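Welcome! Let's walk through a pair of protein chains together, one region at a time.

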Amino acid sequence: MINLLKSPPSHVPPTDEELVHSAQKGKQDAFVLLYERYLPNIMARVRFKIPEGDVEDVTQEIFIAVLKSLGGFKGQSKFSTWIWTITNRKIVDYYRSHKSNRIEQDDYEEVVTRNLSKHPTSSDSSQDDLVTVKHALGTLPQNYQDILLMRFVDDMPFNEIALHNGQSLEATKSLFRRSVAALAKKVEGTNE
Amino acid sequence: MNKLDEQQLDDQLSEFTDSVLSGEREKDMQEMMAQDKELAELQQAVLLMKSAARKARVSGEADARIRRRLMTEWKKEQQTSKSFNWNWNMPRLAFAGGFVVLILLSVVTLLTPAEAPLTAAAGGDQPWQPILITAGIVIIVLIFWRNRHDQ
């Protein structure tokens, strides 16, 4: 990849903020780097929340929204937080746009759970773990789903999750353990 | 289970999860698996969740399709951005140029003695008014002309 920024000789990768700044100036390579950096986590989060058939479309919509809004990003929050917010908004929009579900914004999570339970992720046997976990995860309470996705999909360390949730580290670890226990129980129930 | 036991379980599971996600080898993981049945079950769930999250990220074909679409959108955005500059900046400049001429005309008019009629000024007593108007028009035309040639 072209080294588009004035990086120090130690080849430290550019920060998100540097890439955003370059992309705002019209540097396509910078935007591509941001895309490559965030695609795996965004797609994984979408895949855990939305029926498989729509994962690609929703992921694409998220990045197009990022592209269109990038000019307005002033760096008041971290880029990762900003893109995470756009992702969640698009997931809400997805369920809101499915009128047949007749849902209100407040209870969209309930519909997420219902839809994920109805739609298997894939019939590919190599994806068994994913199918099993996605199905089980969709039946867990929202705070359990959130902490599991933050730790495993968004790669947030426990102290950041604690900060995000406004909890102590101990409370966060306790919530995590209870979430894993609930997941294990659901998976066990699925396999029986 | 008492409070201390729960906290120990929380800490041990968090530590195990950190190790798993930091990419330690599977062999090391096997050694870290607990003898305690409850903790071992939780550790198995962590490994399953890690495996699922890894699989959820992989999709080469989708990546290629999304990337193509994004690049098309990128080009559109860049064109829109240029168009935006034309639509907004050039008329603004033209407007600013016209406004300057208007101000100059107003100043000249105010400075003109009351007994000196404007028609007289146009007739030769104050010949700068038609010159200023013409200069203003020429400036505006030049701005538009130059911008069109820059496109």
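## Chain B at a glance

In chain B, 67% of the contacts with a separation of 6 or more are between residues 24 or more positions apart; two residues are in contact if their C-beta atoms, placed from the backbone, lie within 7 Å. Chain B has 6 helices and 0 strands. Helices (H or I, at least four residues) and strands (E, at least two) are DSSP runs, numbered from the N terminus. Of the 151 residues in chain B, 12% are buried. A residue is buried if 20 or more other C-beta atoms lie within 10 Å of its own, exposed if 12 or fewer, and partly exposed in between, with C-beta atoms placed from the backbone.

Keep in mind that this is a predicted model, in which local features need pLDDT of at least 70 and side-chain atom pairs count only at pLDDT 80 or more, while totals for chains, interfaces and linings use all residues. Residues are numbered from 1 along each chain as its sequence is written, and chains are lettered from A and ligands numbered from 1 in the order in which they are written.

## How confident is the predictor?

The term pLDDT stands for the predictor's confidence in each residue, from 0 to 100. Chain B has a mean pLDDT of 76, with 69% of its residues at 70 or more. Which elements of chain B have the lowest and the highest mean pLDDT? The lowest, 52, belongs to helix 5 (residues 118-125) of chain B, and the highest, 91, to helix 3 (residues 37-57) of chain B. For the complex, the predictor gives an ipTM of 0.77 and a pTM of 0.68.

## A leucine in chain B

Now look for B:L132, which lies in helix 6 (residues 128-150) of chain B. B:L132 and B:L104 are 28 residues apart along the chain, yet their C-alpha atoms are separated by 7.9 Å.

## Chain A and its helices

Chain A has 9 helices and 0 strands. Of its 192 residues, 34% count as buried. In chain A, residues 24 or more positions apart account for 53% of the contacts with a separation of 6 or more.

Start with helix 1 (residues 16-24) of chain A, where A:L19, A:V20 and A:A23 are buried. These residues cover an arc of only 100° around the axis, so they sit on the same side of helix 1 of chain A; the arc is that of the directions from the helix axis to the C-beta atoms. An α-helix has 3.6 residues a turn, so residues three or four places apart point the same way. The buried residues of helix 1 of chain A pack against helix 2 and helix 4 (79-97) of chain A. Just after helix 1 of chain A comes A:G26, with a positive phi of about 100°.

A:V55 is in helix 3 of chain A. Why does A:V55 count as buried? The reason is its 20 C-beta neighbours inside 10 Å. Not counting residues up to four places away in sequence, A:V55 touches A:M43, A:V46, A:R47 and A:I50.

Next is A:D155, in the loop between helix 7 and helix 8 (158-165) of chain A. A:D155 is not a glycine, but has a positive phi of about 60°. Most residues other than glycine have a negative phi. With 13 C-beta neighbours inside 10 Å, A:D155 counts as partly exposed.

## Where the chains meet

The contact takes 38 residues from chain A and 32 residues from chain B. On the side of chain A that touches chain B, helix 9 of chain A gives the largest share, 10 residues.

The largest nonpolar core has 57 residues, and those touching the most other members are A:L34, A:L148, A:V180, A:L183, B:A45 and B:M49. A nonpolar core is a set of buried Ala, Val, Leu, Ile, Met, Phe, Trp, Tyr and Cys residues joined through C-beta atoms within 7 Å. Helix 2 (residues 28-49) of chain A gives the most to this core, 11 residues. B:A45 touches A:V180, A:L183, A:A184 and A:V187, not counting residues up to four places away in sequence.
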